[in-house]
Amino acid sequence: MNKQLRSIFFYLFFGGTAFLLDFALLWFFVSIVDMPVWLGAALAFTAGALYSFLGQKILTFESSSAPGRELIRYIILLCGNLIFTVLVVAFFDSAFNQYPVGKIVTTALTTVWNYPLMRWWVYSHN
């Protein structure tokens, strides 16, 4: 498998499994723990993002450098995605009583813009 296809495969793998973790935690926090949707979305998103960062760093982008600059850039990207996710999930919950649909929408959109941002900005030195 060439390097670009391998990178895309691992990006989608870690993104997909991070989404499953994120979605399961969101459901757990909101439906079982009875947490407010905005807080459950924020906590679940953060847990999935941390898992994804490690997988993307090690296998997707094969970065062996110290994580300092990468982590700072990833956190900046994460903060933007977090704000977007919380706002959209909360909107879908209040407007349609469908927070899971909001989560799917945000995941699809962030998946599209995160790969190029990670490849050419977060891990640009690789």
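This is a predicted model: local features need pLDDT of at least 70, side-chain atom pairs count only at pLDDT 80 or more; totals for chains, interfaces and linings use all residues.
Local features require a pLDDT of at least 70 and side-chain atom pairs a pLDDT of 80 or more, whereas totals for chains, interfaces and linings use all residues. Residues are numbered from 1 along each chain as its sequence is written, and side-chain values use heavy atoms, with hydrogens and water left out.

A search of the whole structure finds one cavity of 30 Å³ or more. On a 1 Å grid over the protein atoms alone, a cavity is a set of points where a 1.4 Å probe fits but cannot get out. Helices H1 (3–32), H2 (37–60), H3 (68–96) and H4 (99–122) are the elements that give two or more residues to the lining, and H4 gives the most, with seven. Helices here are DSSP runs (H or I, at least four residues), numbered from the N terminus. By class, the lining holds nine nonpolar, 11 polar and two charged residues. Ala, Val, Leu, Ile, Met, Phe, Trp, Tyr, Cys and Pro count as nonpolar, Asp, Glu, Lys and Arg as charged, and the others, Gly among them, as polar.

The largest pocket has a volume of about 260 Å³. A pocket is an open set of points with protein on both sides within 12 Å along at least five of seven lines. Lys3, Ser7, Thr60, Phe61 and Arg119 are the closest to its centre among the 13 residues that line the largest pocket. H1, H2 and H4 each supply at least two lining residues, with H1 giving the most, at four. The pocket lining comprises four nonpolar, five polar and four charged residues.

Arg119 lies in helix H4 and is partly exposed, with a relative accessible area of 30% (buried means under 20%, exposed over 50%, partly exposed in between, with a 1.4 Å probe and protein chains only). Beyond its neighbours within four places in sequence, Arg119 is in contact (heavy atoms within 4.5 Å) with Gln4, Phe61 and Ser124. Thr106, also in helix H4, is buried at 1% relative accessibility. Outside four places in sequence, Thr106 is in contact with Phe84, Thr85, Val88 and Val89.

A pair of aromatic rings is described by the distance of the centres and the angle of the planes. Rings of Phe, Tyr and Trp (its six-membered ring) pair if their centres lie within 6.5 Å; planes under 30 degrees apart count as stacked, over 60 as edge-to-face and the rest as tilted. By this rule there are 15 aromatic pairs. The rings of Phe19 and Phe23 have centres 5.4 Å apart and planes at 35°, so this pair is tilted. Both residues lie in helix H1, four residues apart, about one turn of the helix. Phe84 and Trp113 form an edge-to-face pair, 5.2 Å centre to centre with 70° between the planes. This pair links distant parts of the chain, with Phe84 in helix H3 and Trp113 in helix H4, 29 residues apart. Finally, ring pairs link Phe9, Phe10, Phe13, Phe14 and Tyr51 into a cluster.

Key
On a 1 Å grid over the protein atoms alone, a cavity is a set of points where a 1.4 Å probe fits but cannot get out, and a pocket is an open set with protein on both sides within 12 Å along at least five of seven lines; lining residues have an atom within 4 Å of a point. Grid points are joined across faces, edges and corners, and a volume is the space filled by probe spheres set on the points.
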